[in-house]
Amino acid sequence: MRSLRLALLQLVALCLLLTGASTDAADESAAASERKHCLSCHAIRGSVKKFSDGDQVSTYVDPKAFDRSIHRTLPCSACHEEFSSKHHPDRVFRTKQQYQVRESRRCLTCHPDEKINERPIHQSLLKKELAGQPRICTTCHSAHSAQRVRKGNVTTSEEQFCLRCHRYAGTMHFASGASVSTQVDTAEIANSAHRNLACSDCHFSFSPSEHPRRQFRSIREYRLSASELCRRCHFDKQTKMAESIHYSLVSTGRLDAPTCVDCHGGHAIRSMETDRLAIVKKCASCHRQVYAEYAQSVHGRALSDTNNADVPTCIDCHSSHSIRAARSASFHDAIPDTCGGCHGKKEVMAKYGLSTAVVKTYLSDFHGMTLQLHRKEIRNRQRPAAPLAVCSDCHGVHTIGRATGENAAVIKSNLLKRCQSCHPNASENFPDIWLSHYEPSLAAMPLIFILQWFYRVMLFVMVVGLVFQILLDIRRRLEK
Amino acid sequence: MSADTSMATPRRIRRFSTYRIVEHLLLILLFATLALTGLPQKFHQVGICQSLILLIGGIDMARIIHHWAGVLFLLLAVEHIAVNFIGIVFRQWDPSLLITLKDVKDAIHNGRYYLGLLPNPALCGRFSYKEKCVYWLVLIGGIQMIVTGFMLWFPVLVTRYLPGQFIPAAKIVHSSEAMITFLLVVTWHLYEVILSPDVFPVNKGIFTGYMEEQQAARLHPLEGTERREIDADDLSEMSPEHRP
């Protein structure tokens with residue numbers, strides 16, 4: 001009996017869908033009268049259906065919304081099969097979910113699995129159902145205001161269209177067996193730098209009319225492919241990135257090396273310039289050991305303690321996109337520039353009582369001078385020059401501390417070992433050749449200071465004297 | 001001898017032996033090499049010096065050339081001192097470059113002359129006080145640069161016996177002495193032998209070995225009264241009246 005009625009209803013619904021307004025007037029008036037009957041109660045706000053667990057749901061149906069819905073021509077009983085103008089059974093459900101699951105089964109009558117499975121979003125829902133998580137159609141499509149899904153006419157923007165599904169927990173499955181949530185946090189989007197972009201600006205080839213099925217072997221492969229899309233706008237960054245150590249690692253098969261989305265995130269993307277601590281934390285997520293060292297350094301502590309805006313974060317030394325291998329000769333040789341970028345700036349160093357002479361004194365000494373010239377001749381070089389001591393060779397790299405007080409003694413005591421790594425026979429006196437960034441003064445380096453001034457005066461006197469003598473000589477001889 | 005023939009082929013006197021000519025040529029060569037490879041290192045911040053270093057083949061090549069030119073300069077200095085020591089002590093050579101009391105007097109004399117207090121400059125012998133001055137400054141400066149140059153070349157060895165600060169001190173001495181010698185040569189010496197109205201356009205004596213008699217009489221009027229330096233190989237070439 002029941003199955004017969006169900007078949008009849010299906011037929012009615014199908015007829016209504018196919019023939020639209022020109023449907024049989026009798027059926028229409030039957031549907032209209034049933035609707036009028038139901039809405040005499042259900043169009044009034046305030047009444048609720050209670051569940052055994054105390055939860056409840058409003059029984060209100062918005063007639064206007066229903067009139068706009070795709071199901072507007074169906075009689076109420078087409079979906080609410082147990083109800084009619086005459087029957088209004090009192091049903092008992094344990095929970096709201098139980099009720100929703102049950103009502104969702106009704107949708108299958110017209111929308112069988114084979115049909116809805118054409119959409120990838122449904123596939124993931126059906127997989128979940130097999131895993132024990134029941135599907136609830138109304139979560140996405142809503143009940144009385146269900147709209148036509150195709151052609152995108154249901155939403156005012158593409159974002160809204162996509163979010164109709166992606167605001168809910170869906171899953172994307174990979175060949176590796178792993179899966180990732182397809183849920184999009186709308187708050188993330190609202191705060192992101194890309195909040196004015198449409199979904200398909202990044203999710204290229206997706207649109208309200210297209211949702212291609214793609215297969216990735218793993219989450220990682222999916223992320224890598226997602227990063228490829230960034231270059232459509234950020235071509236300059238992508239070009240720099242292509243020179244980086246991270247990119248070359250990826251191209252040699254190290255897929256865990258970071259790409260755009262690993263540092264910048266996906267939907268939560270925003271400018272990283274303002275939050276310098278966040279930059280450091282990003283790098284730290286892979287480079288833990290380096291971070292541990294940096295966090296203890298004079299730079300790292302200033303950043304974490306006072307959010308100091310002058311100390312370098314990772315990207316100030318390593319750059320952000322074109323990150324080179326830090327163990328390469330070219331990176332090593334550029335370190336005086338790297339450090340000098342801040343330590344050569346008077347207005348910055350003055351804040352901390354630091355001298356900018358450190359750069360000048362280094363560059364005018366043997367290592368600094370040789371290094372500068374080596375870098376100029378690098379193109380003509382047959383083989384790389386022997387490495388020359390740079391800032392980090394004495395002061396340390398990520399562990400860098402103050403060069404005054406206790407640390408000065410530590411640096412000094414390590415100096416001989418440092419020297420010996422290139423000058424193996426160096427004795428204890430050897431490190432004293434380097435004047436520790438001091439500009440000679442009578443107090444600090446009397447021997448050198450006196451010699452310097454002796455020769456300056458002597459040269460001046462000699463040149464002035466000679467020129468004077470030559471001019472007098474010429475004058476006297478021409479007088480004759 | 002008629003006036004015409006003396007105008008066409010003026011009488012020349014032998015001033016420098018072949019040995020001195022070669023010695024001076026070697027000195028010019030080494031001085032130029034050392035200056036060209038050394039001074040750009042001192043003024044390495046200046047663009048043209050960097051270009052010069054790159055032209056030479058890079059700082060490493062410039063240092064190699066400078067070091068080995070320095071070694072040759074050392075040999076030349078050792079040879080010069082040894083030969084002259086032997087010549088003066090054992091062969092009765094005239095120590096004509098020794099600074100004497102007359103040179104001090106000449107210097108004071110010329111000072112007054114330049115100020116217009118005396119009508120004529122001091123008369124000098126084989127070498128004027130100016131020439132002696134250049135000679136001794138170059139020789140003493142050269143020795144200093146050899147010593148400090150080797151200190152800079154072998155800092156590891158040096159600091160095994162001396163405090164570390166000696167190396168930057170040596171660097172100051174080396175580069176300052178280089179500047180003194182270089183400026184002395186390019187201003188005073190080149191003025192005296194090229195630009196001075198006395199010798200203009202150039203005094204070729206040190207290259208040919210000869211000087212015109214008239215010029216010699218003007219530049220070195222007292223030389224005839226002094227003993228000249230005569231090396232064995234010069235005797236045959238010297239005119240009899242100039243033999244001692």
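This is a predicted model: local features need pLDDT of at least 70, side-chain atom pairs count only at pLDDT 80 or more; totals for chains, interfaces and linings use all residues.
Local features are reported at pLDDT of at least 70 and side-chain atom pairs only at pLDDT 80 or more, while totals for chains, interfaces and linings use all residues. Residues are numbered from 1 along each chain as its sequence is written, chains are lettered from A and ligands numbered from 1 in the order in which they are written, and side-chain values use heavy atoms, with hydrogens and water left out.

Read from the N terminus, the order of elements in chain B is α-β-α-α-α-α-α-α-α-α-β-α. Of the 244 residues in chain B, 43% are buried; buried means under 20% relative accessible area, exposed over 50%, and partly exposed in between, with a 1.4 Å probe and protein chains only. Contacts, defined by heavy atoms within 4.5 Å, were also sorted by separation in sequence: among those in chain B between residues at least 6 apart, 69% join residues at least 24 apart.

The nonpolar cores come next. In soluble globular proteins, nonpolar side chains tend to be buried together. Here a nonpolar core is a set of buried Ala, Val, Leu, Ile, Met, Phe, Trp, Tyr and Cys residues joined through side-chain atoms within 4.5 Å. The largest such core has 23 residues, and the members touching the most others are Ile448(A), Leu451(A), Tyr455(A), Met462(A), Leu184(B) and Trp188(B). Two or more residues come from each of helix 27 (446-479) of chain A and helix 2 (18-42), helix 6 (129-153) and helix 8 (166-195) of chain B. Helix 8 of chain B is the biggest contributor to this core, giving ten residues. Beyond its neighbours within four places in sequence, Trp188(B) is in contact with Leu466(A), Gln469(A) and Ile470(A) as well as Lys130(B), Cys133(B), Val134(B) and Leu183(B). Another core, of ten residues, lies apart from the largest one and includes Leu415(A), Ala426(A), Ile433(A) and Val158(B).

Glu158(A), Phe161(A), Cys162(A), Leu163(A) and Arg164(A) are buried in helix 9 (residues 158-166) of chain A. These buried residues pack against helix 8 (137-141), helix 10 (186-191) and helix 11 (199-202) of chain A.

Where is there enclosed space in the model? A cavity is a set of points, on a 1 Å grid over the protein atoms alone, where a 1.4 Å probe fits but cannot get out, and lining residues have an atom within 4 Å of a point. Grid points are joined across faces, edges and corners, and a volume is the space filled by probe spheres set on the points. Two cavities of 30 Å³ or more were found. The largest cavity, with a volume of about 40 Å³, is lined by His203(A), Arg214(A), Tyr222(A), Ser225(A), Ala226(A) and Leu229(A). Its lining divides into three nonpolar, two polar and one charged residue; Ala, Val, Leu, Ile, Met, Phe, Trp, Tyr, Cys and Pro count as nonpolar, Asp, Glu, Lys and Arg as charged, and the others, Gly among them, as polar. The second largest cavity holds about 30 Å³, and Val101(A), Ser104(A), Arg105(A), Leu108(A), Glu129(A) and Arg135(A) line it. Helix 5 (residues 96-107) of chain A gives the most to that lining, with three residues.

One joins Glu103(A) to Arg91(A), with the closest N and O atoms 3.4 Å apart. Because Glu103(A) lies in helix 5 of chain A and Arg91(A) in the loop between helix 4 (76-79) and helix 5, this pair ties together parts that are twelve residues apart in sequence. Glu103(A) is buried at 18% relative accessibility, and Arg91(A) is buried at 15%.

Another salt bridge links Arg220(A) and Asp262(A) (2.7 Å, N to O). Arg220(A) belongs to helix 12 (residues 219-228) and Asp262(A) to helix 15 (residues 260-264) of chain A, so parts 42 residues apart in sequence are tied together. Arg220(A) is buried at 19%, whereas Asp262(A) is partly exposed at 29%.

Definitions and conventions. Helices (H or I, at least four residues) and strands (E, at least two) are DSSP runs, numbered from the N terminus. On a 1 Å grid over the protein atoms alone, a cavity is a set of points where a 1.4 Å probe fits but cannot get out, and a pocket is an open set with protein on both sides within 12 Å along at least five of seven lines; lining residues have an atom within 4 Å of a point. A salt bridge is a side-chain nitrogen of Lys or Arg within 4 Å of a carboxyl oxygen of Asp or Glu.
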